[in-house]
Amino acid sequence: MANELNSYNLPGIKFEPIEFTPVDIEKVTIDPKYEGQKCYGVFLNVYDREKFEPVKTAVYILYTLKKMYPTEFKWRTAGQDRLWGTDRVRLMIDEGKKPEEIIKSWENELKNFLKVREKHLIYN
């Protein structure tokens, strides 16, 4: 998965494969899923936070998870839709749309928002 994510050449971030074993952490988690079992994942190494685009990166991660693990990947629908403020991202990923197409789909709305926001900024 790290190789796949790195192939997108996203700005400011590198993905590194990791191994970990979930354990109880006092006041954080009790009986975590896969407790005591070796698990594999991806570490997100943000090396240039000025270039890093977290929202776009999230689209690529979700797209890649769905593409690589179509039967295991499951949405927590209400949570995802609440985080995005819409069901559009989830539905477009389910339709097989590419990340670039998903990101492009909100460009006009973003431009309009930035125009409206401009007159309310206190500092430049």
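From the N terminus on, the elements of the protein chain run α-β-β-α-α-α-α-α. That comes to six helices and two strands. The model is a predicted one.

**Overall shape**

- The protein chain has 124 residues, and 23% of them are buried.
- Its radius of gyration is 18 Å, whereas a compact globule of 124 residues would have one near 14 Å.
- The C-alpha trace spans about 55 × 35 × 30 Å along its principal axes.
- Take the contacts between residues at least 6 apart in sequence: 55% of these join residues at least 24 apart.

**Helix α2**

- Helix α2 covers residues 54–68.
- The helix has 15 residues. From its first C-alpha to its last it reaches 21 Å, close to the 21 Å expected at 1.5 Å a residue.
- Which residues of α2 are buried? They are Thr57, Val59, Tyr60, Ile61, Leu62, Tyr63 and Thr64.
- What do these buried residues pack against? Their partners include two strands, β1 (13–20) and β2 (39–46).
- Helices are on the list too: α1 (2–6), α3 (77–84), α4 (88–94) and α5 (99–104).

**Thr57 in α2**

- Thr57 sits in helix α2.
- Is Thr57 buried or exposed? Its relative accessibility is 3%, so Thr57 counts as buried. The cut-off for buried is under 20%.
- The side chain of Thr57 reaches a backbone atom, the oxygen of Glu53, at 2.8 Å.
- Leaving aside residues up to four places away in sequence, Thr57 touches Leu10, Ile13, Phe15 and Phe52.

**Thr64 in α2**

- Thr64 also has its place in helix α2.
- The relative accessible area of Thr64 is 0%, so this residue is buried.
- Which residues does Thr64 touch, not counting those up to four places away in sequence? They are Met1, Glu4, Leu5 and Tyr8.

**Tyr60 and the aromatic pairs**

- The structure holds three aromatic pairs.
- One of them joins Tyr8 and Tyr60. The pair is tilted, with 4.8 Å centre to centre and 50 degrees between the planes.
- Tyr8 lies in the loop between α1 and β1, while Tyr60 lies in helix α2, so the pair ties together parts that are 52 residues apart in sequence.
- Tyr60 has a relative accessible area of 9%, so it is buried.

**Salt bridges**

How many salt bridges does a search of the whole structure find? The search finds seven. Three of them are described here.

*Lys38 and Glu19*

- The side chains of Lys38 and Glu19 meet in a salt bridge, at 3.5 Å from N to O.
- Lys38 is in the loop between β1 and β2, and Glu19 is in strand β1, so the pair ties together parts that are 19 residues apart in sequence.
- Lys38 has 52% relative accessibility, so it counts as exposed.
- Glu19 has a relative accessible area of 53%, so it is exposed. Exposed means over 50%.

*Asp81 and Arg90*

- Asp81 forms a salt bridge with Arg90. Their closest N and O atoms are 2.7 Å apart.
- Are these two residues buried or exposed? Asp81 counts as buried, because its relative accessibility is 17%. Arg90 counts as buried, because its relative accessibility is 12%.

*Arg88 and Glu109*

- Arg88 forms a salt bridge with Glu109, and the closest N and O atoms are 2.8 Å apart.
- What does this pair tie together? Arg88 lies in helix α4 and Glu109 in helix α6 (residues 107–118), so the pair ties together parts that are 21 residues apart in sequence.
- Arg88 is partly exposed, because its relative accessible area is 29%.
- Glu109 has 47% relative accessibility, so it counts as partly exposed.

Notes:
Residues are numbered from 1 along each chain as its sequence is written. This is a predicted model: local features need pLDDT of at least 70, side-chain atom pairs count only at pLDDT 80 or more; totals for chains, interfaces and linings use all residues. Side-chain values use heavy atoms; hydrogens and water are left out. Helices (H or I, at least four residues) and strands (E, at least two) are DSSP runs, numbered from the N terminus. Buried means under 20% relative accessible area, exposed over 50%, partly exposed in between (1.4 Å probe, protein chains only). A polar contact is a pair of N or O atoms within 3.5 Å; within protein, one must be able to donate a hydrogen and the other to accept it, and residues adjacent in sequence count only if both atoms are side-chain atoms. Contact means heavy atoms within 4.5 Å. The expected span of a helix is 1.5 Å times one less than its number of residues. A salt bridge is a side-chain nitrogen of Lys or Arg within 4 Å of a carboxyl oxygen of Asp or Glu. Rings of Phe, Tyr and Trp (its six-membered ring) pair if their centres lie within 6.5 Å; planes under 30 degrees apart count as stacked, over 60 as edge-to-face and the rest as tilted. The radius of gyration is taken over C-alpha atoms; the globule rule is 2.2 Å times the number of residues to the power 0.38.
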